[in-house]
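Colleague: Thanks for making time to go through this model with me. Could you set each label against its definition as we go?

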Amino acid sequence: MVQILDVMRKALEGKPMSETDYQLRLFAGKVAEKVKEYDIKFDPATPIPDDPSLADDVFKAAFDLVVDVGAYCTNTNRVISYTEKEVRNALQFAPSELWFGEGMDRKLMRTRGVGDKSPPWCLLGAGGGACSSDRSFLTLVEGYAEIPETDAITTPALTRVGGMRIRPASPLEVLGAQRNAVLFREACNRVGRQGIPVMNTLSTAESDIALAGALHPKYGLRQSDGYMICCMDPMKVDFARLNKVTAVLGIGGAIGMCFGPMMGGYAGGPEGTTVSNVAHHMMGVLTYQSSWLLPFPLHLRYVSSSCRELLWLISVTGQAVSRNTHLLTVNLNYTSAGPCTPMCLNETTASVTAAVTSGMHIESLGVASNKQEDRTTPVEPRVSAQVGHAVAGMSLADANELVLRLVPGYEKRLADPPLGKTLYDCWDPEARRPSKEYMRVIREYKRKMSGLGVPLREDDWG
Amino acid sequence: MSADKLLKQLQDSILKYDSAAAVSAAKAAINAKVDPLQAIEKGLVPAIEQVGEKFERMEVYLPELMLAGDAMKSALDLLLPLVPKGQKTSKATVVIGTVQGDVHEIGKNIVSSLLMAGGFDVVDLGVNVKTSVFVDEAKSKGAKVIGASALMSSTIGSQKDIVDYLRASGERRKRAFLVGGGPTTQDWAKEIGADGWGKDAVSAVRLATKFAKGR
């Protein structure tokens with residue numbers, strides 16, 4: 001089985017190639033070749049297709065792609081190649097279940113299948129969205145920890161320390177990462193859910209030194225948390241990322257490689273980006289030593305994952321991975337619209353439905369393209385989790401029908417979405433509930449969902 | 001071969017994203033004594049503009065856009081030195097890169113390619129570019145516009161460092177500074193004193209055009 005020393009050897013001894021040649025000629029060329037060879041076609045009329053042969057063809061194309069292009073190390077400018085046998089072994093030895101968390105909040109993430117009746121793993125929160133202050137960070141994480149469906153939390157990212165904007169790979173980032181860990185535990189302690197794991201460890205630590213600087217147990221991180229390491233698109237890695245991998249392996253942590261292939265980017269359209277998305281799963285297990293995977297495909301223009309192309313991409317990815325492997329895959333979705341808008345709730349409903357019915361777990365979510373500070377609340381992940389639980393077990397055909405009732409209502413606004421309100425405009429941190437205006441939006445949305453045959457759990461706040 | 005046919009060859013090389021064909025078309029045009037400025041303006045530019053428009057409509061994707069840009073660069077390397085001094089070949093020079101500590105490149109690459117398609121001379125510094133390098137390169141290349149991309153909330157602070165460095169080195173009034181990338185906003189651009197924020201690649205090109213002659 002390929003391990004970190006093998007990855008390093010390959011990175012040092014692999015075929016030399018310029019980065020431009022790798023991504024524009026080798027990778028992009030091979031993706032186009034596989035799409036053609038396997039005759040993979042996107043159908044806008046069926047955002048959630050029920051076509052096992054399509055899913056299996058995408059998997060085969062992705063497998064071939066990994067064998068053809070491997071990964072690329074930007075420090076050594078060499079291709080990290082894998083044999084067919086190495087890829088098969090990596091898939092065979094990857095875990096099909098993992099424990100996360102402590103005490104009462106310790107839970108088992110298991111592999112899911114298409115149409116699986118078991119609820120998805122709900123990794124809830126901000127998906128690394130920017131927050132302006134320690135106060136906002138605590139407000140948000142307390143809100144996430146109070147969601148009954150929360151299995152794990154994805155925190156926001158701090159942007160300031162000591163009144164100064166964080167600078168990458170600087171003491172400010174190291175201090176920010178340490179503060180990220182401390183504040184996360186503090187927020188969970190405040191609402192009595194001490195054992196919940198953080199699984200985007202650590203959103204504030206983009207650099208390797210910032211992550212390493214926060215790993216000491218005194219900052220509160222645990223072996224039972226999830227350690228997220230972001231891949232460079234497409235299929236690229238550098239020593240800083242491999243440093244993170246090595247540090248996390250050293251403490252026995254479970255690495256989740258996150259990767260966000262852009263539809264319209266290096267892999268081309270929806271078909272190529274789907275093949276790339278599935279291929280990244282395999283590359284992640286090998287290169288990033290990942291035991292769980294965190295895809296977050298986005299549309300290049302909308303920077304969200306709720307348009308027809310992305311729903312198709314998410315669904316086919318989920319089906320391809322869950323039909324052909326036992327990998328633990330967690331889809332992160334982004335909306336274009338912001339809090340306190342029906343569009344935001346409809347967008348996340350569509351994306352979560354595509355993921356959950358196709359065999360994936362969910363990380364929810366990046367709100368309003370995750371661009372603006374404090375433009376997210378605990379409501380959107382709460383609703384996403386309720387949807388995730390409600391649609392578990394739904395057939396692909398029914399899921400397709402459901403999203404076809406939602407998408408026409410917002411797709412024309414994706415390019416210029418309503419950004420809604422900011423955290424404190426529509427969330428009361430003292431009462432720990434949404435504003436009256438947002439409550440009305442939620443009630444109306446839930447009435448609509450009931451009308452569509454998907455009643456969602458009632459919130460305690462009525 | 002007629003000048004029209006040679007211009008068509010140049011166009012085709014860009015539309016086929018073929019650097020080798022662009023080089024041989026440029027050589028053929030030079031050997032046939034085609035006016036190099038005409039070769040650029042009537043051969044290369046309309047073709048790269050066409051690719052840019054197709055990309056905007058998502059009829060082609062990033063690889064095609066960047067390969068067309070590469071082909072254009074290959075031909076320009078041969079043609080530009082032959083354009084007599086004083087004859088204008090580009091709107092302006094733009095220095096562009098992803099800020100220090102950030103290795104994300106897709107957004108920057110799209111803007112870079114569309115700027116080239118829009119008639120700018122683009123100096124692409126790549127990713128993880130030191131603050132001082134943006135300013136030094138702008139000075140040495142006579143660029144009126146500097147564009148800095150950042151994708152992470154932890155890296156956009158480096159955009160502020162570039163504005164501050166421009167100010168501290170007495171260069172601020174001479175050059176426009178534009179920002180873009182995932183977590184950036186109009187408010188952020190205003191907060192740090194940038195001249196503009198590119199919401200997307202098209203608006204970035206619009207801003208560069210606005211500041212082509214300086215601030």
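Modeller: Gladly. Let's start with a facing pair: B:G147 stands opposite B:L178 in β4(B). Please keep in mind that this is a predicted model, in which local features need pLDDT of at least 70, side-chain atom pairs count only at pLDDT 80 or more, and totals for chains, interfaces and linings use all residues. Residues are numbered from 1 along each chain as its sequence is written, while chains are lettered from A and ligands numbered from 1 in the order in which they are written.

Colleague: Why is β4 of chain B called largely enclosed?

Modeller: A residue is buried if 20 or more other C-beta atoms lie within 10 Å of its own, exposed if 12 or fewer, and partly exposed in between, with C-beta atoms placed from the backbone. Five of the five residues in β4 (residues 176–180) of chain B pass as buried, so the strand is largely enclosed by the rest of the structure. Both of its faces are covered, by B:A176, B:L178 and B:G180 on one side and by B:F177 and B:V179 on the other.

Colleague: Which hand do the crossovers around β4(B) have, and what is the test?

Modeller: The unit made of β3(B), helix α7 (residues 157–168) of chain B and β4(B) is right-handed. From β4(B) the chain goes on through helix α8 (residues 186–192) of chain B to β5(B), and this β-α-β crossover is right-handed too. The test is the path from the first strand over the helix to the second: with the strands pointing away from the viewer, it runs clockwise in a right-handed crossover.

Colleague: Into which domains is chain B divided, and how many residues do they bring to their contact?

Modeller: They are domain 1 (3–82) and domain 2 (93–210), with bounds from an automatic or database domain assignment. Domain 1 brings eleven residues and domain 2 brings nine; residues are in contact if their C-beta atoms, placed from the backbone, lie within 7 Å. On the domain 1 side, α3(B) gives the most, with six residues.

Colleague: How many residues meet between chains A and B?

Modeller: Chain A contributes 25 and chain B 21. The chain A side has ten nonpolar, eight polar and seven charged residues, where Ala, Val, Leu, Ile, Met, Phe, Trp, Tyr, Cys and Pro count as nonpolar, Asp, Glu, Lys and Arg as charged, and the others, Gly among them, as polar.

Colleague: Over in chain A, is A:T287 buried or exposed?

Modeller: Buried: A:T287 has 31 C-beta neighbours inside 10 Å. A:T287 lies in helix α9 (residues 270–287) of chain A and, not counting residues up to four places away in sequence, touches A:V7, A:A71, A:I80 and A:V237. Two of these meet each other as well, since A:I80 in β3(A) is the bridge partner of A:A71, where the definition of pairing applies again.

Colleague: What makes β1 and β13 of chain A edge strands?

Modeller: Their open sheet of four strands has the order β1-β3-β2-β13, with mixed pairing. β1 (15–16) and β13 (236–237) of chain A each have a single partner strand, so one side of each is left without a neighbour in the sheet.

Terms used
Two strands pair if DSSP finds at least two bridges between them. Helices (H or I, at least four residues) and strands (E, at least two) are DSSP runs, numbered from the N terminus. Two residues are in contact if their C-beta atoms, placed from the backbone, lie within 7 Å.
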